[in-house]
Amino acid sequence: MCIRDRYQRRVRESAVQTMSKPKKKRGLSLEDKREKVLGMFHSTLDVLNIKEVEKGATARGVIAQSVKDVLKSLVDDDMVENDKIGIGSFFWSFPSKALCELRAKQAVVDQGLATERAKTEELQRQLGNAQAGKEETDERAAKKRRLEYLTKTSEDADVQLAQYEGNSAEFMQQLQAGIEEARAAANRWTDNLDCGRKWLKKKYGVEKNVLDNLFPELEPV
């Protein structure tokens, strides 16, 4: 037999040995272990000590080293009851208890969902009430334009005042009077808008962001 034949034969034998090796089983997850231990209790319907729990759990594929941790997690979640009698600890769990607990948790979730839905509906109702009758109209648009005009007039007057600084006292008094008149008019509209915002908030509890969209908050000029 030549060297090449011997090499090919060894490769085939190695491949056969590799394929014949048993595959390692995937270990159980914590949830799998919990289900197996809980299933053991529900099938035995008995009160067990720690040794009996370990024996029954290992028979179901749970490694002995993890039984106590799995059992503790079930006790912490109130899925398994336990009590200490004398120097020994005893454990039990019945299907009816687990079912009642699941139904109780479901009821809590359903109640929370219903509460949140009611809150959402109430907020939508309040928003609808706040927006009712507040649609953009010709009158409101005219008032906004008037306010913008008065504000611009006041700003222009300030510029003119700076340009004519040092002129006659009489001219300055007239100019200042015009400025004050324009500023007072602008502030009256600002006050009217502010009163309207406060009334809506007090009467209907409208949120600030809604008011900002309907009536932008303005600072006095």
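Me: Why is H2 called roughly perpendicular to H4?
Reply: H2 and H4 pack at an angle of about 80°, and their axes are 10 Å apart. Angles of 65 to 115 degrees count as roughly perpendicular, under 35 as roughly parallel, over 145 as roughly antiparallel, and the rest as oblique, so H2 is roughly perpendicular to H4. The axes are lines fitted to C-alpha atoms, for helices over the stretch in contact, and the angles run from 0 to 180 degrees between N-to-C directions.

Me: Which residues make the contact between H2 and H4?
Reply: From H2 come Leu30, Lys33, Arg34, Val37, Leu38 and Phe41, and from H4 come Ser66, Val70, Leu71, Ser73 and Leu74. Contact means heavy atoms within 4.5 Å.

Me: What classes of residue make up the contact of H2 with H4?
Reply: There are seven nonpolar, two polar and two charged residues. Ala, Val, Leu, Ile, Met, Phe, Trp, Tyr, Cys and Pro count as nonpolar, Asp, Glu, Lys and Arg as charged, and the others, Gly among them, as polar.

Me: What kind of model is this, and how are its residues numbered?
Reply: It is a predicted model, in which local features need pLDDT of at least 70 and side-chain atom pairs count only at pLDDT 80 or more, while totals for chains, interfaces and linings use all residues. Residues are numbered from 1 along each chain as its sequence is written, and side-chain values use heavy atoms, with hydrogens and water left out.

Me: What makes a stretch a helix or a strand, and how many of them does the protein have?
Reply: Both are DSSP runs, numbered from the N terminus: H or I with at least four residues for helices, E with at least two for strands. The protein has eight helices and three strands. From the N terminus on, the order is α-α-β-α-α-β-β-α-α-α-α.

Me: Why is Arg34 called buried?
Reply: Its relative accessibility is 11%. Buried means under 20% relative accessible area, exposed over 50%, and partly exposed in between (1.4 Å probe, protein chains only), so Arg34 counts as buried. In the protein of 221 residues, buried residues make up 21%.

Me: What makes Arg34 and Asp77 a salt bridge?
Reply: Their side chains meet at 3.0 Å, N to O. A salt bridge is a side-chain nitrogen of Lys or Arg within 4 Å of a carboxyl oxygen of Asp or Glu, so this pair qualifies. Arg34 is in helix H2 and Asp77 is in the loop between H4 and E2, 43 residues apart, and the pair links distant parts of the chain. Asp77 has a relative accessible area of 38%, which means that Asp77 is partly exposed. Glu31, Arg34 and Asp77 are linked in a network of salt bridges. By this rule the count is six salt bridges.

Me: How far apart along helix H5 are Lys119 and Glu116?
Reply: Lys119 and Glu116 are three residues apart in helix H5 (residues 95-131), so about one helical turn separates them. Their side chains meet in a salt bridge at 3.8 Å, N to O. Lys119, with a relative accessible area of 48%, is partly exposed, and Glu116, with 45%, is partly exposed.

Me: What separates Lys152 and Asp156 in helix H6?
Reply: Lys152 and Asp156 are four residues apart in helix H6 (residues 138-163), so the separation is about one helical turn. Their salt bridge has an N to O distance of 2.9 Å. Lys152 counts as partly exposed at 44% relative accessibility, and Asp156 counts as partly exposed at 32%.

Me: What makes a set of residues a nonpolar core, and which members of the largest one touch the most others?
Reply: A nonpolar core is a set of buried Ala, Val, Leu, Ile, Met, Phe, Trp, Tyr and Cys residues joined through side-chain atoms within 4.5 Å. The largest has 15 residues, of which Val37, Met40, Phe41, Val53, Leu71, Val80 and Phe91 touch the most other members. Helix H2 (30-44), helix H3 (50-59) and helix H4 (64-76) each give two or more residues to this core. H4 gives the most, with five residues.

Me: Why is Asp78 called partly exposed?
Reply: The relative accessible area of Asp78 is 47%, so Asp78 is partly exposed. Asp78 is found in the loop between H4 and strand E2 (81-85). Its phi is near 60°, a positive value in a residue other than glycine.
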